[in-house]
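Dear colleague,

Please find the sequence and the structure below. A summary of what was found follows directly after them.

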Amino acid sequence: DLYLKDPFYNAFQKRLSVRQSCYDCNYAMPQRISDITIGDFHDIDKVKKGYDRMMGVSMILVNSSKGMDMLDNIKELLDICETDIETLTANNECLKSPTSRPKKREEFFEDLKNKGVEYLADNELNYRKDWKALVYYKMPKRLRAILKKIILGGI
């Protein structure tokens, strides 16, 4: 629930405050030009039981032999769990395509310019307005899975 309570992170998670280039990124695909890619590992619980992704688990994509050498130099300091690219891309939008542009982005920046950051923090980015998400993230994972099935018509 961190992203709900922190206005800056809330805006980032809603994709409102990311750079303009993120909406047209040529590098948002599994094939990367960097030596390594580091990001959030959203589906760690599907690969290794007992990990809570909300506590912060990172994924490292090794994209070159130089990247492999870098990882080899530090791997004894890490708790590494290998998986395939399909698992990583399943729940990581930026590994598949550019960030989707929110419909309210222009309005967000117009409000920032005209009304200020305090207005946005108190109104648009106030976690109390996102109470459904707050309740959802406080639920046990099993209950969330059941609710998803009910809402999506799986039951």
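Asp 72 is partly exposed, with a relative accessible area of 35%; here buried means under 20% relative accessible area, exposed over 50%, and partly exposed in between, with a 1.4 Å probe and protein chains only. Asp 72 forms a salt bridge with Lys 75, and the closest N and O atoms are 3.4 Å apart. Lys 75 is likewise partly exposed, at 41%.

Before the other findings, a note on the basis of the values. This is a predicted model, in which local features need pLDDT of at least 70 and side-chain atom pairs count only at pLDDT 80 or more, while totals for chains, interfaces and linings use all residues. Residues are numbered from 1 along each chain as its sequence is written, and side-chain values use heavy atoms, with hydrogens and water left out.

Confidence. The protein averages a pLDDT of 85, and 94% of the residues score at least 70; pLDDT is the predictor's confidence in each residue, from 0 to 100. Helices (H or I, at least four residues) and strands (E, at least two) are DSSP runs, numbered from the N terminus. Where pLDDT is low, the predicted coordinates should not be read in detail.

Salt bridges. The count comes to 5 salt bridges, each defined as a side-chain nitrogen of Lys or Arg within 4 Å of a carboxyl oxygen of Asp or Glu. One of them joins the side chains of Arg 15 and Glu 93, at 3.1 Å from N to O. Arg 15 lies in the loop between helix 2 and strand 1 (36-40), and Glu 93 in the loop between helix 5 and helix 6, so this pair ties together parts that are 78 residues apart in sequence. Arg 15 is partly exposed at 31%, and Glu 93 is partly exposed at 24%. Another salt bridge links Glu 106 and Arg 101, with 2.3 Å from N to O. Glu 106 has a relative accessible area of 48% and Arg 101 one of 38%.

The loop between helix 5 (85-90) and helix 6 (105-115) also holds Asn 91. Leaving aside residues up to four places away in sequence, Asn 91 touches His 42 and Asp 43, where contact means heavy atoms within 4.5 Å.

Aromatic pairs. The structure holds 2 aromatic pairs. Tyr 9 and Phe 12 are stacked, at 6.1 Å centre to centre and 15 degrees between the planes. Rings of Phe, Tyr and Trp (its six-membered ring) pair if their centres lie within 6.5 Å; planes under 30 degrees apart count as stacked, over 60 as edge-to-face and the rest as tilted. Tyr 9 and Phe 12 are 3 residues apart in helix 2 (residues 7-13), and therefore separated by about one helical turn. The rings of Phe 108 and Phe 109 have centres 5.2 Å apart and planes at 90 degrees, so that pair is edge-to-face. Phe 108 is buried at 9%, whereas Phe 109 is partly exposed at 30%.

Surface. Ile 38, Ile 60, Ile 74, Leu 77, Leu 78 and Ile 80 make a nonpolar surface patch of about 550 Å². Ile 74 lies in helix 4 and is partly exposed at 37%.

With kind regards

Technical notes
Patch = residues over 30% accessible without salt bridge, like charges linked within 9 Å, V, L, I, M, F, W, Y side chains within 5 Å. Areas by Shrake-Rupley, 256 points an atom, 1.4 Å probe, with all protein chains shown as cover.
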